[in-house]
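Thanks for coming. I have one structure to go through today, so let me put it up.

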Amino acid sequence: MTENRTVVLLLLLAAILPAFAGGQYVMHLLIMTFFYAMLSTSLNLIVGYVGELSLGHAAFFGLGAYASAVLSLEAGLPFFACLPVAGVVAGLAALLIGSITLRLEGHFFVLISLAFAEVLRYVVINSIDLLRGPLGYPNVPAPRLSLGGTVLADFSSKIHFYYLGLALLALTLLAAWRFARSSYGLGAIAVRENRRLARAVGIDPFRHALVAFVVGGALAGLAGSFYAHYLTFVGPEVLGFGFTLSALMMVVIGGRGTLLGPLLGAAVVGITLELLRSVNEARLSIFGILLVLAVIFLPDGLVSLAARWRRPTLEADQATAALDSPLRP
Amino acid sequence: MLEISGISKRYGGLQAVKDVNLTVAKGEIVSLIGPNGAGKTTLFNLVTGFARPDTGHVRLEGDEVTGLPPEAIARHGMVRSFQITNVFANLPVIENLRLASYLHLRADLTSDVLGLSPAREKAARTMEEARRILALLDLAKFSATPAKRLAYGQLRLLEIAIALCVRPRLLLLDEPAAGLNSREGEHLTALLRRLRDETGLTILLVEHDMDLVMAVSDRVVVLNFGEKIAEGTPAQVKEDPRVVEAYLGTPFEEEPA
């Protein structure tokens, strides 16, 4: 409950923030933070809830970005039509890839998920006639929000993207929250915690992993569409491992399997990366060290800090109460 | 209720289970015993879908369930516990039962995903039932304790609670008394009887604790080297020369649990 409230509070704070800080640079930072929060929230459904390490998440994000760029540039569709299509395309790709790869678990799944994304990237690089290969798609048009004949927002200023990003992030979080609270989220947690026992109580691991994979894939596709229209360029690097890695760092540092975790992770990782821009070459090395430290000392992420403050005493009492049997395994 | 006919399983050169026939009637408590390596756990795995039989059939109340995956068999109302303690260790006890109640928490898709009142009411009713099961097993006071912090005896009870939350018609317990002290063993005996008498549950158990087996079983089936060598009431089986021989000639009562 308190976690949901924190998330809502953060979103509300973000909504009123532009009234106080409106610099172009700060706006850009926050827009990218929203984007990364969407991406890591979508990855968290698979990594955090089902507990399978998917290293091919950029495939869904990239497909969404490409779908949106191609549709708006080649078919002239407006952004608000491209956006849902990008989600559907990425979701269908997740259904297809997931129904093959999720039959494997553990290391095998990790490897094959990475392989799928890399294969897709090479296919795009080599589809020069169809998808312009390494040239990519420049000049992806900005969205345009109009009602009747009047233009409400033409997205010529960053503030429009700011609120669009915030709205999409809120939508992503809403979807993730409902997933986690539904029986699908429950089943996914059971599979993550103990696959064998989950099966014994009637939970089909494959089906639950697939649902999470498809929802996560579709949400990544939406993030991809937003990315394409904000940065106006889509090339094969959107399918690269870098995006998966960034999102994964955010999920792990923020806290796996929580709603707030990826959000905190995106903010902390995104802003730290930006602050370290002055030491450009050492940036990723410093980050690697931070990630290692986080995994060792804070395996449940930043969100676990709050829980650590709150309830050490209660649990200790219950633990001693449970110790009345002399037999321990 | 449960009908196992001509079931066999071979692992490489080892015939783990050979042509076993076994029936369990509704409301009966049947124990499966035998020396280590007799194929008891393998038989459990074959019946509950964790392994596929080479030949033979498993029927549950007339439904053919042979070779179905474990989750499908659980949906048919046949639920097992494991020999090695198996719970959702990182989660509090009550959350263990919430996950175990999965099949009964599911509402229709719309209210499930949107969290509408049919789903919420269903969840509330299910959790009420889970708390009742918790109280039945004397675990109510550990509701908020993470499962990994429980004492061993309580963990074994939690496993039974998890199985009960699936609301089985047939409960299969793999060595539920392993590692329990004698007081806890007696407690378990009383509990199994109560479950049968009060809820009409049918129970098939694998067990080495002969006190428990003798006290609780209506019938005992003895396996040795994958084959059924004897079957009957506890008293009959105890006197059966083949059974005594299988246990290396030692008098039955002195067989260490």
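Predicted model: local features only at pLDDT ≥ 70, side-chain atom pairs only at ≥ 80, totals over all residues.

Start with chain A. Helix α2, residues 24–50, and helix α10, residues 205–231, have axes that come within 8 Å and cross at roughly 170°. Angles over 145 degrees count as roughly antiparallel, and α2(A) and α10(A) are therefore roughly antiparallel to each other. What classes of residue make up the contact of α2(A) with α10(A)? There are 20 nonpolar and four polar residues in it, and no charged ones.

The other pair in chain A is α1, residues 2–16, with α7, residues 158–181. Here the axes come within 11 Å, and the crossing angle is roughly 170°. That makes α1(A) roughly antiparallel to α7(A). From α1(A), the contact takes in Asn4(A), Val7(A), Leu11(A), Ala14(A) and Ala15(A). They meet Leu166(A), Ala170(A), Leu173(A) and Trp177(A) in α7(A). By class that is eight nonpolar residues, one polar and no charged.

Now the two chains together. In this model, 35 residues of chain B are in contact with 28 residues of chain A. On the chain B side, the elements giving two or more residues are α2 (70–75), β6 (78–80), α3 (93–100), α4 (102–105), α5 (109–114) and α7 (152–165). That side has 20 nonpolar, nine polar and six charged residues.

One of those elements, α7(B), deserves a separate word. It has 14 residues and reaches 20 Å from its first C-alpha to its last, close to the 20 Å expected at 1.5 Å a residue. Is α7(B) mostly covered or mostly open? Mostly covered: 13 of its 14 residues are buried. Just after α7(B) comes Arg167(B), with a positive phi of about 55°.

Last, α8 of chain B, residues 182–199. This helix has 18 residues and spans 25 Å between its first and last C-alpha, close to the 26 Å expected at 1.5 Å a residue. Which residues of α8(B) are buried? Gly185(B), Leu188(B) and Leu192(B) are. They cover an arc of only 55° around the axis, so they sit on the same side of α8(B). The buried residues of α8(B) pack against β3 (29–33), β8 (202–206) and α9 (210–216) of chain B. On the other side of α8(B), the exposed residues are Arg183(B), Ala190(B), Arg194(B), Asp197(B) and Glu198(B). After the helix comes Gly200(B), whose phi is positive, near 70°.

That is what I have; questions are welcome.

How values were computed:
Residues numbered from 1 in each chain as written. Chains lettered and ligands numbered in written order. Axes fitted to C-alpha atoms, helices over the stretch in contact; angles between N-to-C directions. Helix = DSSP H or I, 4+ residues; strand = E, 2+ residues; numbered from the N terminus. Parallel < 35°, antiparallel > 145°, perpendicular 65-115°, else oblique. Nonpolar A, V, L, I, M, F, W, Y, C, P; charged D, E, K, R; others polar. Contact = placed C-beta atoms within 7 Å. Expected span 1.5 Å × (residues − 1). Buried ≥ 20, exposed ≤ 12 C-beta atoms within 10 Å, placed from the backbone. Arc of directions from axis to C-beta.
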